[in-house]
Amino acid sequence: MADDKVYDVLIIGGGPAGLTAALYAARSRLKTVVLERGMAGGQAATTNKIENYPGFPDGILGPDLGQALEKQAANFGAEFVQTEIEGVDLSGDQFTVKAYEGDYKGRTLILATGADPKKLGVNGEEELRGRGVSYCATCDGAFFKDQEVVVVGGGDAAVEEALFLTRYAKKVSIVHRRTQLRAAPVIQERAKANDKVAFVWDSVVDEIKGEKHVEGVVVKNVKTGEKTTIPAAGIFIYVGLVPNTALLKGQIEMDAQGYVRAGEDTLTSKPGVFAAGDCRQKPLRQVVTAVSDGAVAAMAAAKHLEEV
Ligand code: NAP
């Protein structure tokens with residue numbers, strides 16, 4: 001049982017930010033634990049190949065990077081617990097995280113909770129989730145061999161994952177609400193040069209159809225209002241992220257979108273609590289900025305412990 005343990009550094013989230021914070025904290029000989037509900041690496045672990053993390057000229061698979069980061073932190077004594085968090089209490093001198101199996105207490109707390117895929121909120125999305133509706137091409141792409149799929153969104157994630165899906169699907173239609181992609185130029189070029197990728201511009205998803213499994217995606221042209229149905233066995237939704245900060249509401253300052261207010265120093269409105277990675281208000285959400293935040297947060301936590 002975890003109730004009687006007080007950690008120097010309690011970290012919520014085992015993505016690149018949380019795991020790097022663990023590495024730096026454990027290496028500073030601080031008693032450190034990472035609480036993570038899924039697999040090591042967080043969102044990055046759901047990415048097939050990460051091409052823009054420096055030091056890996058041939059790219060690195062997301063799950064491999066997650067495992068390597070965890071192993072590196074474990075080598076210095078960081079602990080890892082896979083658990084679902086039910087509540088966070090920042091009111092006392094020590095911070096409490098309530099998990100199913102008991103409470104975890106920390107003298108400092110690093111929030112590295114990341115962000116989850118944003119939902120479209122259309123009919124069929126919830127009903128057919130896991131039956132053709134997916135938010136993770138790396139996890140589910142292989143189910144769609146020689147079938148047609150739709151990808152929604154125009155950002156890095158949508159276009160990169162659409163390209164990944166061409167390994168399996170015979171056709172990938174990218175549905176985007178404008179005529180210009182937001183994705184990095186190099187990714188756009190690859191998608192436009194790929195014969196399996198089709199673009200459905202100026203369009204949003206109106207409904208996802210299917211009885212037991214996705215059978216088609218109804219899209220609406222935002223300029224003409226015209227609706228058409230794209231026959232598809234799967235739909236992969238990449239329309240941005242929502243920060244995982246619901247449990248912190250009212251206890252710490254956040255912006256209107258729910259990102260934790262903290263600068264490059266990772267200091268939040270609550271002394272002793274630090275925010276690192278995608279859950280923090282920041283201009284660039286990348287693995288490289290997440291690991292940087294993790295290191296800064298761990299060092300800030302160490303400094304805080306010296307001062308209290
Ligand atoms: P994003 O950059 O926020 O892009 C979201 C896309 O979805 C945009 O094209 C947006 O359209 C569209 N969209 C938003 N709401 C929509 C709605 N309700 N209906 C239809 N379309 C909607 O999100 P992301 O691609 O998931 O990426 C998240 C973060 O991770 C970004 O910072 C990104 O750079 C990063 N990332 C980086 C890489 C990489 O560097 N290789 C890979 C993956 C993710 P508009 O363009 O019209 O706004």
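Reader: What does the side chain of N52 have 2.8 Å from an oxygen atom of the ligand?
Author: An N or O atom of that N52 side chain sits 2.8 Å from the ligand oxygen, a polar contact (a pair of N or O atoms within 3.5 Å; within protein, one must be able to donate a hydrogen and the other to accept it, and residues adjacent in sequence count only if both atoms are side-chain atoms). Keep in mind that this is a predicted model, where local features need pLDDT of at least 70, side-chain atom pairs count only at pLDDT 80 or more, and totals for chains, interfaces and linings use all residues. Residues are numbered from 1 along each chain as its sequence is written, and side-chain values use heavy atoms, with hydrogens and water left out.

Reader: OK. What about R177 and A157?
Author: R177 has a side-chain N or O atom 2.9 Å from a ligand oxygen. With A157, a polar backbone atom is 3.1 Å from an oxygen of the ligand.

Reader: How much of the ligand does the protein bury?
Author: The protein buries 76% of the 920 Å² that the ligand exposes when taken alone, going by Shrake-Rupley accessible areas with a 1.4 Å probe; for residues, only the protein chains shown count as cover.

Reader: Switching topic: what's the phi of D202?
Author: D202 has a positive phi, near 50°, and is not a glycine. Most residues other than glycine have a negative phi. D202 is in the loop between β13 (197-200) and β14 (203-209).

Reader: Where's D146, then?
Author: D146 is in the loop between α3 (137-140) and β11 (148-152), and has a positive phi too, about 60°.

Reader: Buried or exposed, those two?
Author: D146 is exposed at 51% relative accessible area, whereas D202 is buried at 13%. Buried means under 20%, exposed over 50%, and partly exposed in between (1.4 Å probe, protein chains only).

Technical notes:
Helix = DSSP H or I, 4+ residues; strand = E, 2+ residues; numbered from the N terminus.
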